[in-house]
Amino acid sequence: MMYKSIRGMEDILPGGIRAWQSLERIARIELESNGYSEIRTPILEETAVFSRSIGDTTDIVTKEMYTFVDKKGRGLSLRPEGTAPIVRAYVEHSLHRISNQSRLYYIGPMFRSERPQKGRSRQFHQIGAEIIGSSEPQMDAEIIARLSDLLKLFGLEAFQIKLNSLGCKDDKDKFSGKLKNYLKGKKNKLCADCNNRLEKNCLRVLDCKNEECVKIVKDSPDIADNLCGRCGEHFGKVKMMLESYFGVQFVESKKMVRGLDYYTGTVFEVTHPDLGGQDALGGGGRYDNLVKEFGGPNVGAVGFAIGIERVFIALGDKKDLFGSPGLVYIATLGGDAKIKGRKLAEELRLRWNGFPPPDGRLYNLNVVTLLDWTDASLRSQMRSADRNGARVVIILGDDEIKQNKAAIKDMENKEPQFLIDIGSVVDEVGKRMGLC
Ligand code: AMP
């Protein structure tokens with residue numbers, strides 16, 4: 001019997017893991033150095049955590065969640081997104097007592113039972129960040145700038161940030177009424193799903209991809225033109241700060257509402273031309289009522305999530321720039337050589353694997369050292385270096401060490417090996433690997 005992974009849920013094998021590790025590492029360093037702390041919540045939550053926040057009528061909750069009843073009769077769900085669990089944890093542990101603004105980030109798998117296709121899987125991974133504790137427009141601008149900076153650090157350029165505002169809950173309710181009136185007259189032209197949405201959650205009609213619905217929606221009123229004074233001012237400040245303070249480019253996208261109920265005020269989505277049908281790299285927005293609805297203080301919050309698989313699709317061949325560190329194989333002959341070899345390996349790693357990475361490189365794991373401390377012959381150690389794909393071999397024998405020398409063999413250009421001072425080995429390896 002041969003088992004396979006569940007459809008839409010993929011193994012990430014050692015051959016492909018470097019890109020994942022580098023991307024996650026870049027995200028951690030960038031976010032941590034901007035004052036964000038990691039939070040890890042369980043992958044399972046009570047179903048209500050999602051249904052009450054994302055919304056009972058949304059596709060995620062009605063069709064896509066992996067929900068089951070456990071032996072004690074509790075309704076549980078695999079998390080389809082990261083924000084609701086974080087708000088649950090923020091309230092449960094009274095994180096507002098620790099700081100007036102909690103900057104949090106997460107990296108991990110999410111689960112949605114959608115039809116798998118390119119860019120859409122049932123287990124996918126997100127990197128996300130939230131600022132909880134403030135309703136200030138500065139926070140919206142900061143979170144969008146973080147998102148933009150991260151994508152650039154991953155090596156992406158051609159992405160586009162789309163921005164809109166849904167206004168406060170009152171604005172959303174009033175606008176929903178207006179939109180409903182407009183759409184009601186065209187009811188028979190809308191698809192069956194949208195007829196349903198019209199009754200339950202008519203903003204979602206704006207998200208529909210059906211050709212006829214898109215046509216009808218084109219001339220519908222725009223939510224951002226129907227904001228109250230405060231929300232209009234807030235949105236104006238966000239745009240102004242993005243332009244003047246962060247220098248982040250965006251386009252206003254007046255029909256974008258995003259599919260989750262908890263959003264209020266600013267919403268955004270990032271698209272990339274190379275993604276095809278599933279063109280969103282990430283998205284997010286403000287959710288000023290969620291913390292209070294979960295029993296916490298009345299504080300605002302804003303966040304984003306990036307889909308890691310989609311980043312890799314958008315990177316295309318550039319993905320190979322991540323990882324593939326050069327292997328330095330250290331062959332040793334004799335007891336002193338093994339001790340010296342261990343020190344040398346440590347020096348190499350310290351020198352060439354530091355952060356930030358040298359220009360033009362995306363990943364800081366530049367050098368992997370493999371110290372051969374078997375008592376095998378030099379010939380057999382060299383064979384092993386070759387089989388392991390070594391880029392450079394350092395050969396240390398007790399005789400060479402007595403003269404403070406080491407032999408270097410460059411496996412790429414196949415030139416004969418040569419002797420150099422031990423003190424120059426770290427630099428020499430760096431030069432051969434293009435690190436300096
Ligand atoms: P959402 O919360 O739906 O806006 O998701 C945020 C980001 O996660 C999207 O922009 C995608 O990059 C990614 N994402 C969402 N659903 C999936 C999926 N089923 N498969 C792969 N990536 C996804």
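**Terms and values in a predicted model**

Q: What does the side chain of T58 reach at 2.7 Å, and why is the pair called a polar contact?
A: The T58 side chain reaches the backbone oxygen of G55 at a distance of 2.7 Å. A polar contact is a pair of N or O atoms within 3.5 Å; within protein, one atom must be able to donate a hydrogen and the other to accept it, and residues adjacent in sequence count only if both atoms are side-chain atoms. The value of 2.7 Å is within 3.5 Å, so the term applies.

Q: What kind of model is this, and how are its values taken?
A: The model is predicted: local features need pLDDT of at least 70 and side-chain atom pairs count only at pLDDT 80 or more, whereas totals for chains, interfaces and linings use all residues. Residues are numbered from 1 along each chain as its sequence is written, and side-chain values use heavy atoms, with hydrogens and water left out.

Q: Why is T58 called buried, and where does T58 lie?
A: Buried means under 20% relative accessible area, exposed means over 50%, and partly exposed lies in between (1.4 Å probe, protein chains only). T58 has a relative accessible area of 0%, and is therefore buried. Its place is in the loop between α2 (47–54) and α3 (59–64). Beyond residues up to four places away in sequence, T58 touches R204, G259, L260 and D261; here contact means heavy atoms within 4.5 Å.

Q: What makes a stretch of the chain a helix or a strand, and how many of each are there?
A: Helices (H or I, at least four residues) and strands (E, at least two) are DSSP runs, numbered from the N terminus. By that count, the chain has 15 helices and 16 strands. Of its 436 residues, 53% are buried. Among contacts with a separation of 6 or more, 69% join residues 24 or more positions apart.

Q: Which residues are the closest to the ligand, and what makes a residue part of its surroundings?
A: A residue is near a molecule if one of its heavy atoms lies within 4 Å of it. The ligand is surrounded by 13 residues, of which the closest are R112, E114, S121, Q126 and R258. β6 (123–132) and β10 (280–286) each supply at least two residues of this shell, and β10 gives the most, with three.

Q: Why is R258 counted as buried, and what does its side chain contact?
A: The relative accessibility of R258 is 15%, and R258 therefore counts as buried. R258 lies in the loop between β8 (251–252) and β9 (266–271). Its side chain makes a polar contact with the side chain of E269 at 2.7 Å. Leaving aside neighbours within four places, the residues in contact with R258 include D207, Y263, G283 and G284. R204 is 54 residues from R258 in sequence, yet their C-alpha atoms are 7.9 Å apart.

Q: Why are S102 and P109 given the term for their accessibility?
A: S102 has 7% relative accessibility, and therefore counts as buried. P109 has a relative accessible area of 18%, and is therefore buried as well. S102 is found in strand β5 (102–111), which also holds P109. Contacts of S102 beyond four places in sequence include Y90, L95 and E130, and those of P109 include I43, R79 and Q123.

Q: What makes the phi of N404 and K414 worth noting?
A: Most residues other than glycine have a negative phi. N404 is not a glycine, yet its phi is positive, at about 65°; K414, also not a glycine, has a positive phi of about 60°. N404 is in the loop between α14 (398–402) and β15 (405–410), and K414 is in the loop between β15 and β16 (418–421).

Q: Why do N404 and K414 receive their accessibility terms?
A: At 49% relative accessibility, N404 counts as partly exposed. K414 has a relative accessible area of 56%, and is therefore exposed.
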